[in-house]
Amino acid sequence: MPGFRFRRILRWSASVAVLFAAGWLVARQRPGCGIWPSLAMGPCVESHEVSPQRLVVAPVTYRPVKRTIEAAGTLYGCEEVSICATAEGRVVRLRHDVADHVRPGEELLEVDPIDYELAVRQADKALLVELAKLGLQAPPLASFDLKQLPMVVEAKVKSDNCKSHFERSQLLFVHKAVTEEELLDKQVEYRMAEAEYENQVSLAKAELATIQEKQEMLAIAEQRLADTIVKAPAAADAVPDARDAVYAVSKRSVIEGSYVHPGAEIYRLVIDSTLELRVAVPDSRSSEIRSGQSVQVSVAGAPRAFAGAVMRIGPTVDPATRTCEVEVQVPNADGMLKVGGIATATILTHVDRDAATVPSDAPLTSDGVTKLLLADGEHFKPVAVTLGAKSTDWVEVLRPALPRGTRVVTNGQLALVAGGDRR
């Protein structure tokens, strides 16, 4: 039995050797090809002559090709505002809710104003008391003359009267009509009257300062009363069409009856008629971007792309990602784009007017290498290429440079590669 098995193995090995040798001899009859000609993409293809009915050849076409940079980012409102309470109290009325649109100056919310109205009345009465002390009906202007106040006028009259009495006594003293003691009395009366006048002027200045303080207290009370009504702010000048800007309410943080404190956020507003898309562009390509360049913005689920433009280019590069932030302004009049959404920006940097392109079915990829079959008369040569921009009908050939008049095989490449029918 061991001998029988050994003979069977020996016969099987001999048969395999014969078959392998026959295959090798057949392959040797085809010059320039290896054992597996169907996988060859080298010089052997040049010698293949395939029936013209199985091949389609097309010339290389030169056309304008747009150069773009594609980057993804997040959409932001053209202006986003957090509205905080400035008056403390209970919310008595809400004017708008989420998704409402409001114009600058339009009311959003009202806080109970009773306490603030009382404070205004109190400050107004305190001002009236100070005005009455000076005999005034209304706060004086900055150009008001203190000498017009009754107390100052009275003191001035007394001072002038005492001065005239003193001067007359001096003349009488010369003629020995009054004694020296009477002259000194008149002099003292004059000095006292003059000091009283200066004192009244000082008091008047203090009273005017007090009036100004009461005016400011009244203004503060009036401002706090005004703060009980929260309004939408004016849009910044940098916002496109700032005068006609409209805010959308993106968040409301209070309800009617709740108690708010100064500084607490009550609303968040956003201008969404124009959005800003902020994308990170590789530093190596940031030099190609210029302000004003056209941008196509696409969002998943949107039926179309949106036209935008580059507005700002970041002056710094993030050392962690080696990217530069670019802001793209995107009109959003129909409201299809949403703040916070993810979008892709295709930035048009320039246009190559004379780019070499071939039909999209011309390239052939094998083992990670993309090749074209170039036609030269009845011979065909495979060339490794690097592809660029593409569409549904054509693809750009970046490298190597293809001279004008070059023709490529667009149908039947597999037959050539596998060694198709000879002519």
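Helices here are DSSP runs of H or I at least four residues long, and strands are runs of E at least two long, numbered from the N terminus. With that settled, let's walk through this predicted model.

Start with helix α3, residues 150-174. At 1.5 Å a residue, its 25 residues should span 36 Å, and the end C-alpha atoms sit 37 Å apart, which agrees. Just after α3, K176 takes a positive phi of about 60 degrees. Back inside the helix, V152, A155, S159, C162, F166 and S169 are buried. An α-helix has 3.6 residues a turn, so residues three or four places apart point the same way. The buried residues of α3 pack against α4, which runs over 180-226.

As for cysteine pairing, a search of the whole structure turns up 0 disulfides.

The largest pocket holds about 200 Å³ of space. Of the 15 residues lining it, S250, V270, D272, K338 and V339 are the closest to its centre. Two or more lining residues come from each of β7 (247-252) and β9 (265-282), with β9 giving the most, at 4 residues. Sorted by class, the lining has 7 nonpolar, 4 polar and 4 charged residues.

T274 is buried, since its relative accessible area is 13%. Leaving aside residues up to four places away in sequence, T274 touches G77, C78, P240, Q329, V330, P331 and N332.

Most residues other than glycine have a negative phi, and most peptide bonds are trans. A99 is not a glycine, yet has a positive phi of about 85 degrees. A99 lies in the loop between β3 (89-94) and β4 (101-102), and with a relative accessible area of 54%, A99 is exposed. R322 is another non-glycine with a positive phi, this one about 55 degrees. You'll find R322 in the loop between β11 (306-313) and β12 (323-331). A relative accessible area of 47% makes R322 partly exposed.

Finally, look at the peptide bond joining R399 and P400: the bond is cis, with omega about -5 degrees. P400 sits in the loop between β18 (394-399) and β19 (407-411).

How values were computed:
Residues numbered from 1 in each chain as written. Predicted model: local features only at pLDDT ≥ 70, side-chain atom pairs only at ≥ 80, totals over all residues. Heavy atoms only, no water. Expected span 1.5 Å × (residues − 1). Buried < 20%, exposed > 50% of the residue type's maximum accessible area, 1.4 Å probe, protein only. Contact = heavy atoms within 4.5 Å. Disulfide = S-S within 2.5 Å. 1 Å grid on protein atoms, 1.4 Å probe; cavity = no way out; pocket = protein on both sides within 12 Å on 5 of 7 lines; lining within 4 Å. Points joined across faces, edges and corners; volume = space filled by probe spheres on them. Nonpolar A, V, L, I, M, F, W, Y, C, P; charged D, E, K, R; others polar.
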